[in-house]
Amino acid sequence: MTTADMAARRALGACAVLVVGALTLTACGGSANAKDDDAKGGKSSAKTSTAKIVILAKDGSTGASINATGVKVSDGRLTDVKMTVAGSGQAVEGSLSADGSSWKPKEQLERGTKYQISATAKDAAGKAAAANSIFTTVTSANSFIGTYTPDGGTTVGVGMPVSFTFDKAIGDKKAVQSHITVTSSSGQQVVGHWFGAQRLDFRPEEYWKAGSKVTMKIDLDGVEGANGVYGVQKKTVAFTVGRSQVSTVDVNTQTMTVVRDGQTLKTVPISSGSPEHTTYNGQMVISEKFTQTRMDSRTVDLGGEYDIPDVPHAMRLTQSGTFIHGNYWYSKGNPPFGRTGTSHGCVGLADVQGAQGDTPAKWFYDESLIGDVVVVKNSPDKTVAPDNGLNGWNMSWAEWTAGSTA
């Protein structure tokens, strides 16, 4: 091989190497583009679920609601929700909506308790999503509750007010009252009145219309009733007003006339308070009923004058201790019922021990509802205070509405 041939072969070899290098570079460049495509395709196949889970109590929160603590999902369906008391692991039962879009605890949560929720869901494509939250509910010290009467589902007399007693003093009465609404199917205007800082009653100007349905909507959850103290209740309660029954006790005649729906049912003899222990005048609402109850004079600051363990057919008229009740001990040395007042301020009706038998007291007890009105007149005593029991009817409408923050 000539020197020229050898030079030509070296040149060809060099070109071949360059070509191979160029092909190698081209091949590497093509492979990079393919991985990018694959990466894009892979990202699509592993795409995040479109299901969006929202746990209403935020993770790490304190002061969470004991009511609005459920789970919701959009663009998907919940597949599993587990809620436990943090630390103990005690399960909290809950219910899933039919469409799988929400879950909520079956019972109201406890105040001042730490909980944990874990939830999973799937979107329409079957892709899963998950969410978790650990939170603590509002404490008793930082919340308030209103105990109310009457209970939902009950039937009451025409004089029954709606009465709330709060377990803490309310500083912002306007905020609290504005989140409680009371309405009647009768169309009567219903107005609230504050007795101090812890009691709020509602009533219409006149007694409720017989047969009407009264609805109270309590929306206090999260309402700041005082500095750093929040409500926790959220519910709607309804009760029914029964027939109208108003009974009038006349101390002058020592009788009680029972009128129902405008018609007199019966007039019965009674024994009101003695001259030393007179009975309040005024409109009084039956707030409790007891087939038998103990009455001890020491609980009403009358020393040891009496202690009767089985007073029959007793119905409370005032918080301070006025009842209308059966009296089986009356006949011992006293004139017959209807002659004179001998009680310590209560209204007594003839009865027998053991709350058995056909007696005036049993008849009146059986015919009475909580919320019925007993009016006492012609007593030498003063008119009962409006907040002594459920007796706001002894306040004029102008006075009543003046105590509202609405």
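Which strand gives the most to the lining of the second largest pocket? Strand 9 does, with three residues. This is a predicted model, where local features need pLDDT of at least 70, side-chain atom pairs count only at pLDDT 80 or more, and totals for chains, interfaces and linings use all residues. Residues are numbered from 1 along each chain as its sequence is written, and side-chain values use heavy atoms, without hydrogens and water.

**Largest pocket**
- The largest pocket holds about 480 Å³ of space.
- Its lining has 23 residues, and L302, Y306, H344, G345 and C346 are the closest to its centre.
- A pocket is an open set of points on a 1 Å grid over the protein atoms alone, where a 1.4 Å probe fits, with protein on both sides within 12 Å along at least five of seven lines; lining residues have an atom within 4 Å of a point.
- Volume is the space filled by probe spheres set on the points, joined across faces, edges and corners.
- Nine lining residues are nonpolar, 13 polar and one charged (nonpolar: Ala, Val, Leu, Ile, Met, Phe, Trp, Tyr, Cys, Pro; charged: Asp, Glu, Lys, Arg; polar: the others, Gly among them).

**Second largest pocket**
- Its volume is about 290 Å³.
- Of its 14 lining residues, T149, S163, T165, Q319 and L390 are the closest to its centre.
- Strand 9 (146–149) and strand 11 (162–166) each give two or more residues to this lining (strands are DSSP E runs of at least two residues, helices H or I runs of at least four, numbered from the N terminus).
- The lining divides into three nonpolar, seven polar and four charged residues.

**Helix 3**
- In helix 3 (residues 360–367), A361, F364 and Y365 are buried (under 20% relative accessible area, 1.4 Å probe, protein chains only).
- They lie on the same side of helix 3 because they cover an arc of only 100° around the axis, taken from the directions from the helix axis to the C-beta atoms.

Definitions and conventions
Buried means under 20% relative accessible area, exposed over 50%, partly exposed in between (1.4 Å probe, protein chains only).
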